[in-house]
Amino acid sequence: MRIASRRTPFGDRLCFAGLVPHRLVDIQGAFVRQLELDGVHRDDALARSRLVVPGDLPALLRSDPRLTDVRRLFDRIAARLDSGVLDDCLWSDDPQRLGVVVGRPRTVWCMGGNYLRRRLAPGEEPPPRRGPGGGLKGTGALAGPYDELRYPAISEQVDSETELAVVIGSRSRHLTPDDAMAAVAGYVGFCDVTSRDVAELDNRRMDRAKGFDTYGICGPWFVTADEIPDPHALRIRQWVNGETCRDGSTAEMFHTVPEQLAWLTAALTLAPGDVLSTGAPAGQGAVRPGDVVRGEVEGLGVTENRVVPDD
C-alpha cells in the first residue's frame, strides 16, 4: 500500500497512490463515501472519518499503528473503482502538488557513516567498521519530493544524499535487533542535505548544517513494510543534472535497520511517524544553484528537486 500527501485548497490530504492511473484517492473522502454507501448520515460520516483516518501520517499511525482500518478501506476501494462512486474523491497526481508525506514527526534522525565514503580500488582493504552515529534533523527542514531545494546564502558546500528512510509505527524504546522490525510501519525515500562548510564553522556539529529549510526531502510515497520484504536489498541511485553521482545498494550498510533501531532506542523513545534515515551509499552529491537533483530508492519512487538560491 502506497500513501502520498496531496496539497489542496483544503490543506494537505493523505491519499492512496497507485490505485487509479494519474490520480490519487483522498483517504478521508473515500472513507466518508464508503460510510454513506453503508447508510451512515454524512455529518456522522465526516465526524467519524476525522477520528478513524486523521489527516497526517504520524496521527494516523498513533491511532492505528498497523493501519488496519486504512487497509480495509484500501481493499474496499480497489473492489469499487470501476463503479464511479469515488470519482469526487480523486485528485490529480501532479508531482508539483505532492507534499511531505511523513507530515511533521516528532523525531527525524539521520545516520552518519553507515556506508563506505568511496568505492574501494581493486585489492584495497576496507577500513575498520565504524560504530553507529548521526544526529537529529529539525522537522522544519522537511520538504516534498518535487519542491525546490533552497541553497543558503551562508553556505558554499552543499551535499545531497539519497537514502532509505524508515517510518516508525509504534512507540518504541529499548528495541533489540531481534524485535526491532516489528516497530517499522513502512519506508520512504529521503534526500538528506547537508552544508558541510557550516558544519565546520560550528565545530563539526550537524544541527544547523542539516537543518536548513528544504534539507530533508522525502517521498513521493510512504510504502508499507509488507511491500518491501527486504529493506537490505534495495538499489539506491542519484543523479545531478542527469549524470549518475551515486549508485549502490542498501546491502552495503555497515549496520542493518534493526541494529540501527536498537542502537537509537537505547537512548531515545521513538513515536509513531518518527523517521530514521539510514545513510547513503558511496558517491558525490555536491550541488549548486541551477542544478537538478534526482534520487530513487528501489520500490519507493523518485524525488526530483531544482536547486535555487535562498533569497
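**View 1. Ser195 and its contacts.** Setting aside residues up to four places away in sequence, Ser195 touches Pro152, Ser155, Gln157, Val158, Ala209, Phe212 and Tyr215. Contact means heavy atoms within 4.5 Å. Ser195 lies in strand 10. Helices (H or I, at least four residues) and strands (E, at least two) are DSSP runs, numbered from the N terminus. With a relative accessible area of 0%, Ser195 is buried. The classes are buried under 20% relative accessible area, exposed over 50% and partly exposed in between (1.4 Å probe, protein chains only). The model is predicted: local features need pLDDT of at least 70, side-chain atom pairs count only at pLDDT 80 or more, and totals for chains, interfaces and linings use all residues. Residues are numbered from 1 along each chain as its sequence is written, and side-chain values use heavy atoms, with hydrogens and water left out.

**View 2. Val70 in helix 4.** Val70 sits in helix 4 (residues 68–80). Val70 counts as buried because its relative accessibility is 2%. Beyond its neighbours within four places in sequence, Val70 is in contact with Met1, Ile3, Phe16, Val53, Leu60 and Asp64. Val70 and Phe16 are 54 residues apart along the chain. Their C-alpha atoms are separated by 9.6 Å.

**View 3. Helix 1 against helix 4.** Two packed helices are described by the angle between their axes and the distance between the axes. Helix 1 and helix 4 pack at about 75 degrees, with axes 11 Å apart. Axes are lines fitted to C-alpha atoms, for helices over the stretch in contact, and angles run from 0 to 180 degrees between N-to-C directions. Helix 1 and helix 4 are therefore roughly perpendicular to each other. Angles of 65 to 115 degrees count as roughly perpendicular, under 35 as roughly parallel, over 145 as roughly antiparallel and the rest as oblique. Helix 1 contributes Ile27, Ala30, Phe31, Gln34 and Leu37 to the contact. Helix 4 contributes Leu73, Arg76, Ile77 and Arg80. By class, this contact has 6 nonpolar, 1 polar and 2 charged residues. Ala, Val, Leu, Ile, Met, Phe, Trp, Tyr, Cys and Pro count as nonpolar, Asp, Glu, Lys and Arg as charged, and the others, Gly among them, as polar.

**View 4. The surroundings of helix 1.** Helix 1 is mostly covered, with 8 of its 11 residues buried. The buried residues are Ile27, Gln28, Ala30, Phe31, Val32, Arg33, Gln34 and Leu35. They pack against strand 1 (2–8), strand 2 (11–20), strand 3 (23–26), helix 2 and helix 4.

**View 5. Helix 7, enclosed.** Helix 7 (residues 257–265) is largely enclosed by the rest of the structure, because 7 of its 9 residues are buried. Val257, Pro258, Gln260, Leu261, Ala262, Leu264 and Thr265 are the buried residues. They pack against strand 5, strand 9, strand 10 and strand 14 (275–277).

**View 6. The largest pocket.** The largest pocket holds about 860 Å³ of space. Its lining has 36 residues, and Gly113, Arg117, Glu161, Arg196 and Met206 are the closest to its centre. On a 1 Å grid over the protein atoms alone, a pocket is an open set of points with protein on both sides within 12 Å along at least five of seven lines, a cavity is a set where a 1.4 Å probe fits but cannot get out, and lining residues have an atom within 4 Å of a point. Grid points are joined across faces, edges and corners, and a volume is the space filled by probe spheres set on the points. Strand 9 gives the largest share of the lining, 4 residues. By class, the lining has 12 nonpolar, 11 polar and 13 charged residues.

**View 7. The second largest pocket.** About 320 Å³ of space lies in the second largest pocket. Its lining has 16 residues, with Arg13, Asp26, Gly29, Arg42 and Asp88 nearest its centre. Helix 1 (27–37), helix 2 (42–52) and strand 4 (90–92) each give two or more residues. The largest share, 5 residues, comes from helix 1.

**View 8. The cavity.** A search of the whole structure finds 1 cavity of 30 Å³ or more. The largest cavity holds about 60 Å³ of space. Among its 13 lining residues, Thr162, Gly189, Phe190, Gly295 and Thr303 are the closest to its centre. Strand 9, strand 10 (184–195), strand 16 (292–297) and strand 17 (302–309) each supply at least two lining residues.
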